[in-house]
Amino acid sequence: MLNQDKKKNHELEEQASKKVTRWILSGLGAILVLVVLIGGCYVGYALQPANRHDEDVVSVHIPAGATNSQIAQILQEKKIIRNAAVFNFWLKSHSATNFQAGNFYLSPSMHNKEIVSQLQGGGGRPVVGHVLIKEGQTIDSIATTVSKNTKYSRQDFLKLMKDKSFMKSLEKQYPKLLTSSMNSRGVRYHLEGYLFPAKYDVYQGASLKELVNQMVDKTDQVLQPYYSSIKKKHLTVQEVLTLASLVEREGVKTKDRRMIAGVFFNRLKANMPLQSDISVMYALNKHKHSLSLKDIKVRSPYNLYVHKGYGPGPFNNPSLDSISAVLNPIKSNYLYFVANLKTGKVYYNENYDEHLKRNSSLGQ
């Protein structure tokens, strides 16, 4: 009897063990299914556009030799995609290769295929035109240039220049470049001075934001080697570009630009107004060969005959030569300068009486 009882107990234990095993396996199976379902849902979510409602263009730099995983990480950091690992898996599953190095203009609203198409070389978008920004052009002038070379009107361009949301998105992309401009008050255009003079390709289907982003990105690229120097000189980017925009129009030769930059710094140090005619013409919003007494009294924060300091911001979009002149001025004791309008020769003086005599001799 004892052996039979042991046998029955053993059988009951085996049955109980099998039930527990089946229950565990059933539970694990349910958990596995749940994990797969959740994982599948997340992957589906991660493969959607990062923000289908955000069409702002973001500049993305892909370095030469970057791997797919590195590219995915860059795109995630720029918030173009939701998840780098999922995107990288998607690239592998679609055999996506042949990515190009360089700067690309992408949007969080883009689907994966659109992003890949851009990174493989612009998606075959043909260049339908060019926009040439000349040294010293103002935003008002650039608006006309854009309207003549793209499908966008002058009004479209100027409206975008006043778009606060777009300005904030650019500041977020280029904090070193644009923060001082965005913090400046009384500015006519926060991007005045920040649309670098160069030739820009216009791609088929490109938005106006994409075109402007190219210009701002170019300025950032040009200034990258100078940010540390600007900081060491206790200047802001806004101040440097403001002086550079005056130097751009006041001088032609590199030496003169460096001399004029030095004069401006001398006047700032002496707490004197810069008294540049360029500032008055910008305040008047018109170009004049000579200014009247009424002109130089125009009420505007941009009138540096009346106001001391740098004013709200740049008066045009200066060249690298003028920017370099401001960062490398020639030191002197000069406080005044005047140019011979016929020959272009610039004369410098230390005091006002000498300056008046020179003006008189030039008949200006």
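## A tour of salt bridges, loops and contacts

Select arginine 154, which is partly exposed because its relative accessibility of 29% falls between the 20% limit for buried and the 50% limit for exposed. The model on screen is predicted.

**Salt bridges**

Is aspartate 140 buried or exposed? Its relative accessibility is 13%, so aspartate 140 counts as buried.

How many salt bridges does the count come to? The count is 4. Side chains of opposite charge can pair when their charged atoms come close.

Move to arginine 257 and aspartate 321. This salt bridge has its closest N and O atoms 3.0 Å apart. The two partners link distant parts of the chain, 64 residues apart: arginine 257 sits in helix α12, and aspartate 321 in helix α14 (residues 320–327). Colour the two residues by accessibility. Arginine 257 is buried because its relative accessible area is 7%, under the 20% cut-off. Aspartate 321, at 27% relative accessibility, counts as partly exposed.

Which residues are linked in a network of salt bridges here? They are Glu248, Arg257 and Asp321.

Now select lysine 288 with aspartate 295. The closest N and O atoms of this salt bridge are 2.6 Å apart. Lysine 288 is partly exposed, at 27% relative accessibility, whereas aspartate 295 is buried, at 10%.

Isoleucine 278 is placed in helix α13. With a relative accessibility of 9%, isoleucine 278 counts as buried.

Stay in the helix and pick alanine 283, which also lies in α13. Its relative accessible area of 15% makes alanine 283 buried.

**Loop positions with positive phi**

Go to asparagine 271, in the loop between α12 (254–269) and α13 (277–284). What is the phi of asparagine 271? Phi is about 60°, a positive value in a residue that is not a glycine.

Find serine 95 in the loop between α3 (84–93) and β2 (102–106). Its phi is near 50°, again positive, and again in a residue other than glycine. With 61% relative accessibility, serine 95 counts as exposed, since the exposed class begins over 50%.

**A buried threonine**

Select threonine 219 in helix α9 (residues 208–223). Threonine 219 is buried, its relative accessible area being 2%.

Select lysine 199, placed in strand β4 (residues 199–203). Is lysine 199 buried or exposed? Lysine 199 is exposed, with a relative accessible area of 58%. The C-alpha atoms of lysine 199 and histidine 130 are separated by 6.6 Å, while the residues are 69 apart along the chain.

**A positive patch**

Finish on the surface. Select Lys253, Lys255, Lys345 and Arg358, and switch to a surface view. What do these residues form together? They gather in a patch of positive charge on the surface. Within the patch, centre on lysine 345. Lysine 345 is placed in the loop between β5 (336–339) and β6 (346–349). Its relative accessibility is 46%, so lysine 345 counts as partly exposed; that value passes the requirement of over 30% for a patch member.

Note on methods
Residues numbered from 1 in each chain as written. Predicted model: local features only at pLDDT ≥ 70, side-chain atom pairs only at ≥ 80, totals over all residues. Heavy atoms only, no water. Patch = residues over 30% accessible without salt bridge, like charges linked within 9 Å, V, L, I, M, F, W, Y side chains within 5 Å. Areas by Shrake-Rupley, 256 points an atom, 1.4 Å probe, with all protein chains shown as cover. Salt bridge = Lys/Arg side-chain N within 4 Å of Asp/Glu carboxyl O. Lys, Arg positive; Asp, Glu negative; His and termini not counted. Charge placed at Lys NZ, Arg CZ, Asp CG, Glu CD. Helix = DSSP H or I, 4+ residues; strand = E, 2+ residues; numbered from the N terminus. Buried < 20%, exposed > 50% of the residue type's maximum accessible area, 1.4 Å probe, protein only.
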